[in-house]
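Hi,

Here is the structure I promised to pass on. Have a look at it first, and then read my notes below.

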Amino acid sequence: MTDALQHDVSGRLVLVVDDDRRIRSYIKTILQSAGIQVLEAGDGVEALEVFHAWRTRIDLVITDIRMPRMTGTDLAVWLRSDCPALPLIFVSGEAVPLDMADPNKGIFFIEKPFAPKLLLEAASQFFN
């Protein structure tokens, strides 16, 4: 396990949402290397389906912002209306307004491309 994770992650389940299969695979590989279980979705609509099936077990959602059918920000609104405290990490190749990310409210932003250590550090802050 990497030094970036300071909390016990065994049994943690993360939903990774990105329309780019390579990015999903990259994120999944990083998380699994740290012992984190991963569910995947190719867009926001699919993510809602996965979330409703697994909602009581999902500890964190990592989502791209720009996706077809439903954006990551729209997905976040739906998820937070159902589970207000659900931690979210947005990943994007575009700059995001500073007011969008707020670690105190369980929302973090990572700009693509990113190093594995950065993703693991962001994820670990939500695992108590």
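What share of the 128 residues in the chain is buried? The answer is 50%. Keep in mind that this is a predicted model, not an experimental one.

Let me start with the overall layout. The chain has four helices and five strands, and going along the sequence they come in the pattern β-α-β-α-β-α-β-β-α. If you take the contacts between residues at least 6 apart in sequence, 63% of them join residues at least 24 apart.

Now the sheet. The five strands form an open sheet in the order E2-E1-E3-E4-E5, with parallel pairing. On average, neighbouring strands here are turned by 20 degrees against each other, ignoring direction.

On one side, E4 pairs with strand E3 (residues 60–64) in the parallel sense, over four bridges, and Val61 stands opposite Leu88 of E4. E4 also pairs with E5, again in the parallel sense, over five bridges. There, the bridge partner of Leu88 is Ile107 in E5. So what about E5 itself (residues 107–111): is this strand mostly covered or mostly open? Mostly covered: four of its five residues are buried.

Next, the helices that sit on the sheet. Among the elements packing there is helix H3 (residues 72–82), which touches E1, E3, E4 and E5. The direction of H3 makes about 175 degrees with that of E4. Helix H2 (residues 44–54) packs on the sheet too, touching strand E1 (13–17) and E2, and its direction makes about 140 degrees with that of E2.

Last, a helix pair to look at. The axes of helix H1 (residues 21–33) and helix H4 (residues 116–124) come within 10 Å and cross at roughly 65 degrees. Angles of 65 to 115 degrees count as roughly perpendicular, and H1 and H4 are therefore described that way. The crossing of H1 past H4 is right-handed. Which residues make the contact? From H1 they are Tyr26, Ile27, Ile30 and Leu31, and from H4 they are Pro116, Leu119 and Leu120. By type, that is seven nonpolar residues, with no polar and no charged ones.

Cheers

Key:
Residues are numbered from 1 along each chain as its sequence is written. This is a predicted model: local features need pLDDT of at least 70, side-chain atom pairs count only at pLDDT 80 or more; totals for chains, interfaces and linings use all residues. Side-chain values use heavy atoms; hydrogens and water are left out. Buried means under 20% relative accessible area, exposed over 50%, partly exposed in between (1.4 Å probe, protein chains only). Helices (H or I, at least four residues) and strands (E, at least two) are DSSP runs, numbered from the N terminus. Two strands pair if DSSP finds at least two bridges between them. Axes are lines fitted to C-alpha atoms, for helices over the stretch in contact, and angles run from 0 to 180 degrees between N-to-C directions. Angles under 35 degrees count as roughly parallel, over 145 as roughly antiparallel, 65 to 115 as roughly perpendicular and the rest as oblique. A crossing is left-handed if the near helix is turned anticlockwise from the far one by less than a right angle, and right-handed if clockwise. Contact means heavy atoms within 4.5 Å. Ala, Val, Leu, Ile, Met, Phe, Trp, Tyr, Cys and Pro count as nonpolar, Asp, Glu, Lys and Arg as charged, and the others, Gly among them, as polar.
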